Amino acid sequence: MIAWIGTVIDAVYVVAVIAFILGLKAMSSPETARRGIAYAGAAMFAAVVATFFSPGITNFALIALGVIVGGGIGWYWARVVKMTAMPQMVAVFNGMGGGAAAAIAAVELLSSLSNVANAGLSLAGAVIGSISIAGSVIAFLKLQGWMRQRPIVYPARQPINLSVLAIGVGFGIYAVFRVDTVYLLPFFVLLLTYGVLLTLPIGGADMPVVISLFNALTGIAVALDGFALVNGPLGDAGYAMVIAGVLVGAAGSLLTLLMARAMNRSIANVVFGAYGATEETGVTMVGTMKPIEADDAAVLMAYANQVVIAPGYGMAVAQAQQKVKELADLLESKGVAVKFAIHPVAGRMPGHMNVLLAEAGINYDKLFDRDEINPEFATTDVVLVIGANDVVNPAAHRAGSPLQGMPILDVENAKNVIVIKRGQGKGFAGIENDLFYKENCRMLYGDAQQVVGKLVQALKKS
Amino acid sequence: MAADIWTALFIAILAAFTGYEIIGRVPVLLHTPLMSGSNFIHGIVLVGAIVALGIATTPLEQAIGFVAVVMGAMNVTGGYVVTERILAMFDRSKKKGGPP
């Protein structure tokens with residue numbers, strides 16, 4: 001009887017793992033992506049149910065309660081949250097995974113501290129899981145606006161952070177060495193502290209890299225927990241965790257690398273560099289920033305052959321995407337070709353702009369990656385930059401600039417550039433934007449939603 | 001060291017290559033759903049949490065195991081719903097065609 005159940009449960013795990021792989025694979029194309037998440041969802045459900053009914057499982061009521069409470073909160077929260085809050089939602093749910101991984105490791109350590117191999121794996125899972133949850137929570141607070149987005153720095157940051165990490169890990173190793181669980185408390189406290197300290201100096205514009213990195217880390221923490229579970233009483237669940245965790249760890253690492261590369265920086269520079277903490281000084285700009293009125297800008301666009309819209313975080317903050325859609329529709333009705341130029345790190349998470357524009361109902365055929373759209377700027381009449389700054393800053397081509405080498409959207413090559421911006425301040429990186437001083441550039445000051453609304457009104461009149 | 005851990009290591013290596021291969025050429029358009037979808041997949045941590053709580057004996061282990069299950073379940077449902085909501089927006093079959 002027991003053996004029969006065991007076989008069924010193993011079979012469920014095997015099928016689940018296959019579905020995870022196929023599901024992730026399907027997510028590489030918009031046509032099949034939705035099917036992919038459905039596969040993965042069904043697989044997850046089956047794996048959870050199978051585990052629940054595994055022989056040897058006790059505490060049924062507590063498990064059921066936990067699943068209902070946690071699942072209910074997650075489901076409800078993810079349903080009601082606005083699309084503009086997606087980056088912090090991804091951060092939160094990722095953090096929960098990291099926290100769960102750390103907690104599983106804690107239970108493992110409490111129950112089998114004397115098994116050195118297992119304890120070592122669990123310690124590693126606990127380290128990474130703790131960093132992931134603490135870091136994700138800070139990322140959430142920053143993205144939600146409950147904590148300032150600029151890097152928070154303090155003196156001797158690196159030595160302090162490194163010491164916290166080293167002492168924390170030291171406590172963990174000592175706990176295993178002495179087979180005494182009392183040292184696990186300072187271990188977890190210090191590791192969680194390290195996660196916080198690691199994330200505080202990372203600024204908002206670097207969030208696409210960081211969110212993706214924490215996602216990969218959680219995957220690795222889950223895999224490490226799986227390693228520790230494989231020679232336990234329900235080892236086959238461990239194999240499923242190893243495969244799914246490593247799959248996410250690998251895919252997430254690759255995405256993190258892509259994001260860092262899109263800024264021509266290393267992951268280490270993003271994580272430890274406190275980028276944007278200091279403003280660039282000593283650079284004097286030639287020329288002046290020239291303002292334009294919404295009516296004039298509307299006329300300029302209405303008579304263009306092609307308008308390219310380059311959105312950034314400012315569009316997300318102002319929630320201007322619906323107005324942008326209206327603007328694009330109006331221009332198209334006047335025979336103007338409208339395209340969108342998407343920089344990979346525009347916004348606060350990988351693919352942020354695509355999600356917002358899709359929410360507004362803009363067809364993804366009109367969205368173009370940096371490499372696709374860059375050659376087109378020379379033949380574009382008007383580029384409308386909405387709340388983007390560093391990703392369109394030609395300082396990236398200037399030697400000695402902190403942005404030097406970052407691949408940007410070369411909007412300066414267009415005949416006219418109109419920049420919608422809240423004020424005259426510098427971009428997130430604290431660097432003067434050479435673009436704003438160019439002869440072909442005009443500044444349209446104001447909140448993105450209001451300004452685009454004015455453009456729409458002006459276009460309707462003309 | 002247990003032989004099972006070595007087996008798991010072999011599996012992990014293969015899974016790592018699979019992960020790299022699978023998402024090698026994902027368009028920027030799908031970066032968010034990819035991230036959020038893989039976020040959902042590491043929700044498999046819930047399975048581990050159920051095992052941890054399922055074999056927990058002391059009250060402290062049970063308490064921590066319970067926290068693990070709650071967080072794992074949040075990861076699973078939240079990750080799924082977020083991914084599904086984003087992909088629904090990219091779904092063309094549901095759109096009625098743009099305005100004239």
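In helix H4 of chain A, Gly97(A), Ala100(A), Ala101(A), Ile104(A) and Val107(A) meet Val45(B), Gly48(B), Ala49(B) and Ala52(B) of helix H3 in chain B; contact here means heavy atoms within 4.5 Å. By class, the residues of this contact are 7 nonpolar, 2 polar and no charged. Ala, Val, Leu, Ile, Met, Phe, Trp, Tyr, Cys and Pro count as nonpolar, Asp, Glu, Lys and Arg as charged, and the others, Gly among them, as polar.

A word on the ground rules: this is a predicted model, where local features need pLDDT of at least 70 and side-chain atom pairs count only at pLDDT 80 or more, while totals for chains, interfaces and linings use all residues. Residues are numbered from 1 along each chain as its sequence is written, chains are lettered from A and ligands numbered from 1 in the order in which they are written, and side-chain values use heavy atoms, with hydrogens and water left out.

### How the helices pack

Two packed helices are described by the angle between their axes and the distance between the axes. Axes are lines fitted to C-alpha atoms, for helices over the stretch in contact, and angles run from 0 to 180 degrees between N-to-C directions. Helices (H or I, at least four residues) and strands (E, at least two) are DSSP runs, numbered from the N terminus.

| Helix pair | Angle | Axis distance |
|---|---|---|
| H4(A), residues 86–111, and H3(B), residues 45–54 | about 30 degrees | 9 Å apart |
| H4(A) and H4(B), residues 59–90 | about 155 degrees | 8 Å apart |
| H5(A), residues 116–144, and H8(A), residues 207–229 | roughly 155 degrees | within 8 Å |

Angles under 35 degrees count as roughly parallel, over 145 as roughly antiparallel, 65 to 115 as roughly perpendicular and the rest as oblique. H4(A) and H3(B) are therefore roughly parallel, whereas H4(A) and H4(B) are roughly antiparallel. Inside chain A, H5(A) and H8(A) are roughly antiparallel too.

What is the handedness of the crossing of H4(A) and H3(B)? That crossing is left-handed, a term for a near helix turned anticlockwise from the far one by less than a right angle (clockwise would be right-handed). H4(A) also passes H4(B) in a left-handed crossing, and the contact between H4(A) and H4(B) has 18 nonpolar, 8 polar and 2 charged residues. The crossing of H5(A) and H8(A) is left-handed, and its contact residues divide into 15 nonpolar, 8 polar and 2 charged.

### A cavity and a pocket

The spaces were found on a 1 Å grid over the protein atoms alone: a cavity is a set of points where a 1.4 Å probe fits but cannot get out, a pocket is an open set with protein on both sides within 12 Å along at least five of seven lines, and lining residues have an atom within 4 Å of a point. Grid points are joined across faces, edges and corners, and a volume is the space filled by probe spheres set on the points.

The structure holds 1 cavity of 30 Å³ or more, and the largest cavity has about 40 Å³ of space. Its lining is made of Arg157(A), Gln158(A), Asn161(A), Leu197(A), Leu198(A), Pro201(A), Val271(A) and Phe272(A). H6(A) supplies the largest share of that lining, 3 residues.

The second largest pocket holds about 550 Å³. Of its 23 lining residues, the closest to the centre are Asp369(A), Val26(B), Pro27(B), Val28(B) and His31(B). H9(A) gives the most to this lining, with 4 residues.

### Two backbone spots

Asn59(A) has a positive phi near 55 degrees, in the loop between H2 and H3 of chain A. Ala156(A) likewise has a positive phi near 55 degrees, in the loop between H5 and H6 of chain A.
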